[in-house]
Amino acid sequence: MSHRLIDVRHIANLARLELSDEEVDLFQPQLEGILLHVEALAKLDITSIEPTAHPAQMFGRMRPDVPQESLPPAIVLHNAPDQGQGQIRVPKVVQA
Amino acid sequence: MTWSLLTKAQNPRASGNLQKERTDLGIKHSGIKSNYSPMSITRLRQQLRSGETTPAAILHQLEGEIAARDPLTGAYLSRDLKVALAEAESIDLTLPLGGIPVAIKDNINVRGQACTCGSRFLVENYQSPYDATVVGKLRAAGAIPFGRMNLDEFAMGSSTENSALQITRNPHDSARIPGGSSGGSAAAVADLTAIAALGSDTGGSIRQPASHCGVVGLKPTYGRVSRYGLVAFASSLDQIGPITRTVEDAALILQAIAGFDLADSTSLDVPVPDYLATLNEGVRGLRLGVPKEYFGDGIDTGVRKNVEAAIQKLADQGAEIVAITLPHTEHAVATYYVIAPAEASSNLSRFDGIRYGHRAANPADIPDLYKKSREQGFGPEVKRRIILGTYVLSSGYYDAYYGRAQKVRTLIRQDFEEAFKKVDAIVSPVAPTPARRIGTFANDPLHEYLSDIFTLSANLAGIPGISVPCGLTDYDGGINLPVGLQILGPHLGEALLLRIAQTATISR
């Protein structure tokens, strides 16, 4: 393993999370400590073990395809930080 | 004491007796000679049906208790007495929970109410557009949702210290944590400011605060209770359950909220048994497993003594005690802290500042809006877990961390499957120590994670678990701190757990 297990700022950027320098300094050793603990899992022989993604034995079952009433737009839009004309307003996405 | 909190006029709690009553709570509420409890749902239901009290009187009384003690305890984030009183007017008292107020952890949606998740991200402008399925089911059973309970931000933590909104203190010792993440729910039930509460349990978040506060907490089998309307933390681990003062009350709440739900594709389409019917059948002939890995060196002597005494009592009642092994226990923390953050990082991507919650002012562009909104809205523990989860899912590390953890999860699940071939249920401590002092693990997340060791495995395996008070002990300068006994059962073994828990509490 390299001297630095995780590039905190790079990973935070992947997660669309801005961090202050203080946060990077705080999280770097904490996360490395956690990852060092997690590395103990490497000791286990898992060659013929199936993964468990989910404890429920039936997963991904679909409900009947029957149209149902949806929430009214006014209720849905109510929580949007910025909205108008029945839509959520966001900064310009496509550059002219 | 035989005072009844909720008769029409009296307020029995003169403030001078508070500390004594609180101390008594851990011992007396389940009773040594009987299961009578003055504030149990069962008792209140009798009073409601006989006309001794009314739903409105109960709500007014609770409001008084909250005003008297919650400024110190800090369990409630919000409550709306007017709305609850309006709902109380049309309650059908013949329903199973008719007229009973139930406090709701603030990560479960109640239509028209705030749902902060203990986060700055949602505190500004979020109002639930719909009822979670559990809330709808509580209403259908006649209960009145009343009060929103503090929690670790997005249920990430085991102390409620990670709430961005306020501190919650343990009613048994205000210098100590109530546990978490359902710390507000457990503290209020212990503080007699709530009759019963809903919590959510992703790695122990119902059972551990119940243990620390001296109350009953049940995490049902994964899929037994619908998660629709619970703000998702780790979707393959989360489960909603009751926190109550008696085992019977936990059975009553579970009865109301359990069952199949088309809106949750992981809910189990299996009939719900009558949990009360078998509650008093005792433990004679049951085989109870004691896993050696749960009684190692790291456990406090007072916790060990009380838990061993509780197991002995169950043996005295006719249970057979069997030594068992859950050999992969030592890997549970590492496994959990890969899987839970991985799922959390994915689930929390919805908090982007677009559709609801916090949006940063004056962003340069869309990515800047996401990054700044999340930077400003999330607290440190949530950020740590998002980063950790993103890392273990990232290209080049996925197999080494997430893929491997999923396979170790299988080994942990198989440990339980093997154990349940030999025993009916497993008994253990809930946590290695009683409630620690507030601030103990500040900036030491790994040590906080390690204290979850006895509760995480049940979530990884999807099995049910219950915490019941089993005594009091002194710890780290604190006196008479509650200790919980954890009982784990096979899939859909809730009726069995409740029955064992009932025996454990009435035979004390």
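Predicted model: local features only at pLDDT ≥ 70, side-chain atom pairs only at ≥ 80, totals over all residues.
Local features need pLDDT of at least 70 and side-chain atom pairs count only at pLDDT 80 or more, while totals for chains, interfaces and linings use all residues. Residues are numbered from 1 along each chain as its sequence is written, chains are lettered from A and ligands numbered from 1 in the order in which they are written, and side-chain values use heavy atoms, with hydrogens and water left out.

Q: What confidence does the predictor give to chain B and to the complex?
A: The pLDDT is the predictor's confidence in each residue, from 0 to 100. Chain B has a mean of 92, and 92% of its residues reach 70 or more. Residues 1-37 of chain B have a pLDDT below 50, and this stretch has 84 contacts in the model beyond near neighbours in sequence; a contact means heavy atoms within 4.5 Å. For the complex, the ipTM is 0.94 and the pTM is 0.93.

Q: How many residues does each chain bring to the contact, and what area do they bury?
A: Chain B contributes 67 residues and chain A 56 residues. Together the two chains bury about 5500 Å², of which 68% lies on carbon and sulfur atoms. Buried area is the accessible area (1.4 Å probe) that two parts lose on being put together, summed over both. On the chain B side, the residues that lose the most area to chain A are Lys371(B), Ile387(B) and Arg404(B), together 12% of what that side buries.

Q: What makes the pair Lys372(B) and Glu18(A) a salt bridge?
A: The rule asks for a side-chain nitrogen of Lys or Arg within 4 Å of a carboxyl oxygen of Asp or Glu. The closest N and O atoms of Lys372(B) and Glu18(A) are 4.0 Å apart, and the pair is therefore counted as a salt bridge.

Q: Which elements of chain B supply the side that touches chain A?
A: At least two residues each come from α11 (332-347), α12 (366-377), α13 (380-393), α14 (399-422), α15 (445-450) and α16 (453-461) of chain B. Helices (H or I, at least four residues) and strands (E, at least two) are DSSP runs, numbered from the N terminus. The most is given by α14(B), with 10 residues.

Q: Why is Arg384(B) called buried?
A: Buried means under 20% relative accessible area, exposed over 50%, and partly exposed in between (1.4 Å probe, protein chains only). The value for Arg384(B) is 8%, so this residue is buried. Arg384(B) is found in helix α13 of chain B. Leaving aside neighbours within four places in sequence, Arg384(B) is in contact with Leu26(A), Phe27(A), Gln30(A), Leu31(A) and Pro445(B).

Q: How do you know that Arg384(B) and Gln30(A) make a polar contact?
A: A polar contact is a pair of N or O atoms within 3.5 Å; within protein, one must be able to donate a hydrogen and the other to accept it, and residues adjacent in sequence count only if both atoms are side-chain atoms. The side chains of Arg384(B) and Gln30(A) make such a contact at 2.7 Å. Between chain B and chain A, 19 residue pairs are in polar contact, both residues being at pLDDT 80 or more.

Q: Why is Arg139(B) called partly exposed?
A: Its relative accessibility is 26%, so Arg139(B) counts as partly exposed. The side chain of Arg139(B) meets that of Asp131(B) in a salt bridge (2.8 Å, N to O).

Q: Why does Glu375(B) count as buried?
A: The relative accessible area of Glu375(B) is 18%, which is under 20%, so the residue is buried. Its salt-bridge partner at 2.9 Å is Lys383(B), which counts as buried at 3%.

Q: What makes α16(B) mostly covered?
A: Nine of its nine residues are buried, among them Phe454(B), Asn459(B) and Leu460(B). Gly462(B), whose phi is positive, near 80°, follows α16(B).
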